[in-house]
Amino acid sequence: MRLAGWGPTICGMPSDNRSAIHENVRRILAELPDGVALVAAAKGRSVEEIVAAVDAGVRIVGQNYVQEAEAAVEAIGKAAEWHLIGHLQRNKAKDAVRLFDMVESVDSLRLARRLDRECAELDRKMPILIEINSGREPQKSGVLPEEALELVAAVARLERLDVRGLMTMGPFVEDPEELRPGFRETRALFEKLAVELRDVRMEILSMGMSDSYRVAIEEGATMVRIGTALFGPRPRV
């Protein structure tokens, strides 16, 4: 598929950059098992880069920030599904509900209630994932695994939100094998919630990034968020 209005070099982006993105997308899509969805993690990426990824077959784009998503959503629109994968401040909830198709990073009841109110204003229902702090890092967002059942049960009672599963980030480590225990614990939690909360559809387990997605898939991920392996190293600011 080629997005209408974009020329061979996509508004001046070098054709070799575009070709590299195309090749990376196709290689990773071919590698992913059936039932595992790819989210192109587009933090810090230009609209041209995102267009190249969508043109190559990406169907879900993940953005970390509401502000950064604005231009890409305006340019690409419904050619992709848009996920918020970064921490969401409550004062940005209104814009998030307007821009995104899913919020993967709901980590508190206060945020969920704010999203619920904003969804009611727009007369929509939004699918969400609950973010799990599987590394138990005090500086990171996400609910602790042992507190997830209570949070998921409470969020599931909100009329305008549809809990579809869990997301976890994991700490930054050199060896992705170090993330395996956290992924495994999140998968076990995912399965436990599916049994104990019969009115919640536990369908999506979003785990793993460029350096860890293979380990995450081995531990049961149904969605992976990949940036560098698709787009190349992020430009230095």
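Visitor: Let's start with E31: what is its relative accessibility, and how does that class it?

Guide: E31 has 34% relative accessibility and therefore counts as partly exposed. The classes are buried under 20% relative accessible area, exposed over 50%, and partly exposed in between, with a 1.4 Å probe and protein chains only. This is a predicted model, in which local features need pLDDT of at least 70 and side-chain atom pairs count only at pLDDT 80 or more, while totals for chains, interfaces and linings use all residues. Residues are numbered from 1 along each chain as its sequence is written, and side-chain values use heavy atoms, with hydrogens and water left out.

Visitor: Thanks. Which residue does E31 form a salt bridge with?

Guide: The partner of E31 is R214, and their closest N and O atoms are 2.8 Å apart. The pair links distant parts of the chain, with E31 in helix α1 (residues 15-31) and R214 in helix α8, 183 residues apart. R214 is partly exposed, at a relative accessible area of 47%. A salt bridge here is a side-chain nitrogen of Lys or Arg within 4 Å of a carboxyl oxygen of Asp or Glu. Helices (H or I, at least four residues) and strands (E, at least two) are DSSP runs, numbered from the N terminus.

Visitor: How many salt bridges does the structure hold?

Guide: The structure holds 19. Another of these is R98 with E70, where the closest N and O atoms are 2.8 Å apart. R98 lies in helix α4 (residues 93-99) and E70 in helix α3 (residues 66-76), so this pair ties together parts that are 28 residues apart in sequence. R98 is partly exposed at 45% relative accessibility, and E70 is partly exposed at 29%.

Visitor: Since α7 came up, how many residues does it have, and how far does it reach?

Guide: Helix α7 (residues 180-196) has 17 residues and reaches 24 Å from its first C-alpha to its last. That is close to the 24 Å expected at 1.5 Å a residue, the expected span being 1.5 Å times one less than the number of residues.

Visitor: Which residues of α7 are buried, and what do they pack against?

Guide: The buried ones are R180, G182, F183, T186, L189, F190 and L193. They pack against β5 (126-132), α6 (148-156), β6 (161-168), β7 (204-206) and α8 (213-218).

Visitor: What about A216, is it buried or exposed?

Guide: A216 counts as buried, because its relative accessibility is 0%. A216 is in helix α8. Leaving aside neighbours within four places in sequence, A216 is in contact (heavy atoms within 4.5 Å) with F183, M207, G208 and A221.

Visitor: Switching topic: how much space lies in the largest pocket?

Guide: About 690 Å³. Of the 24 residues that line this pocket, the closest to its centre are K43, N64, M169, F172 and M209. On a 1 Å grid over the protein atoms alone, a pocket is an open set of points with protein on both sides within 12 Å along at least five of seven lines, a cavity is a set where a 1.4 Å probe fits but cannot get out, and lining residues have an atom within 4 Å of a point. Grid points are joined across faces, edges and corners, and a volume is the space filled by probe spheres set on the points.

Visitor: And how many cavities of 30 Å³ or more are there?

Guide: There is one, and the largest cavity holds about 40 Å³ of space. Its lining is E131, I132, N133, S134, E137, K140, S141, T168, M169 and G170.

Visitor: Last one: what is the phi of D123?

Guide: Phi of D123 is near 55°, a positive value in a residue other than glycine. D123 lies in the loop between α5 (109-121) and β5, and D123 is exposed, with a relative accessible area of 58%. R136 also has a positive phi, of about 50°, although R136 is not a glycine.
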